[in-house]
Amino acid sequence: MLEYNSQQKQLLLPEYGRNVQQMVDHCLTIEDREERTRCAYTIVNIMSSLVPHLREIDDFKHKLWDHLAIMSNFKLDIDYPCEIVRKESLETLPERIPYNNSNIKLRHYGKFAEDMLKKAQEMPEGEERDTLVDLLANYMKRSYLTWNKDNVEDEKIWQDIRDYTHGTIHIDTPLMRAKDLREGNQQQGKQNNNNNKKKKKK
């Protein structure tokens with residue numbers, strides 16, 4: 001009866017194939033320790049010929065012995081020529097990467113808008129701050145339309161700026177039309193796609 005690989009024992013290191021795994025399984029059944037050790041050396045030599053790319057790695061023989069131990073599920077009792085990897089070290093989880101979970105009050109506008117509004121608050125009143133706030137307001141409207149397909153009134157953006165800055169920044173100048181902002185987003189998307197295609201060609 002034909003037996004599919006999916007019905008057989010799962011390979012611990014598939015790159016060596018099922019035949020090598022069967023050799024390792026057989027080696028585990030050998031009762032004489034010296035004979036079992038000789039068998040292990042033969043298996044490692046076969047493994048070396050199957051993965052020649054490992055020869056470019058420092059201590060590639062050491063790596064092969066580690067792999068043999070792994071394939072035996074660390075049950076192979078032999079005289080290893082080197083200290084093999086410990087099972088516990090393979091089961092140890094990597095350290096958790098800290099995630100910056102800082103609360104963003106204006107989440108749909110992103111961290112950039114929030115940081116720039118803080119910067120605008122620190123600037124003295126004048127033309128330079130007014131120009132920055134106008135640019136920010138249009139940026140916020142564009143971001144709003146990216147995540148919310150419905151139209152948005154300029155008053156909504158103005159109010160969000162007033163709320164975030166606790167009334168220290170007032171704006172009531174007309175912003176770009178939603179249609180123009182959406183077309184701008186589409187043009188930017190096409191430009192990004194074209195740039196990516198050019199990079200791939202290189």
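Visitor: What does L117 touch, leaving out residues up to four places away in sequence?
Guide: L117 is in contact with L106, L136, M140, I161, Y164, T165 and I169, where contact means heavy atoms within 4.5 Å. This is a predicted model, in which local features need pLDDT of at least 70 and side-chain atom pairs count only at pLDDT 80 or more, while totals for chains, interfaces and linings use all residues. Residues are numbered from 1 along each chain as its sequence is written, and side-chain values use heavy atoms, with hydrogens and water left out.

Visitor: Which residues of the largest nonpolar core touch the most other members?
Guide: They are Y109, L117, M140, I157 and I161, in a core of 22 residues. A nonpolar core is a set of buried Ala, Val, Leu, Ile, Met, Phe, Trp, Tyr and Cys residues joined through side-chain atoms within 4.5 Å. Buried means under 20% relative accessible area, exposed over 50%, and partly exposed in between (1.4 Å probe, protein chains only).

Visitor: Which helices each supply at least two residues of this core?
Guide: Those are α5 (110–122), α6 (127–147) and α7 (154–164), with helices taken as DSSP runs (H or I, at least four residues) numbered from the N terminus. The largest share, seven residues, comes from α6. Another core, of 20 residues, lies apart from this one and includes L13, L64, I70 and I78.

Visitor: Changing topic, at what angle do α2 and α3 pack?
Guide: Helix α2 (residues 33–50) and helix α3 (residues 60–71) pack at about 115°, with axes 10 Å apart. The axes are lines fitted to C-alpha atoms over the stretch in contact, and angles run from 0 to 180 degrees between N-to-C directions. Residues of α2 in this contact include Y41, I43 and V44, and those of α3 include L64, W65 and L68.

Visitor: How many aromatic pairs does the structure hold?
Guide: The structure holds four aromatic pairs. Rings of Phe, Tyr and Trp (its six-membered ring) pair if their centres lie within 6.5 Å; planes under 30 degrees apart count as stacked, over 60 as edge-to-face and the rest as tilted. The centres of W65 and Y80 are 5.9 Å apart and their planes stand at 85°, so this pair is edge-to-face.

Visitor: Is W65 buried or exposed?
Guide: W65 counts as buried because its relative accessibility is 4%. Y80, at 21%, counts as partly exposed. Y41, W65 and Y80 form one aromatic cluster.
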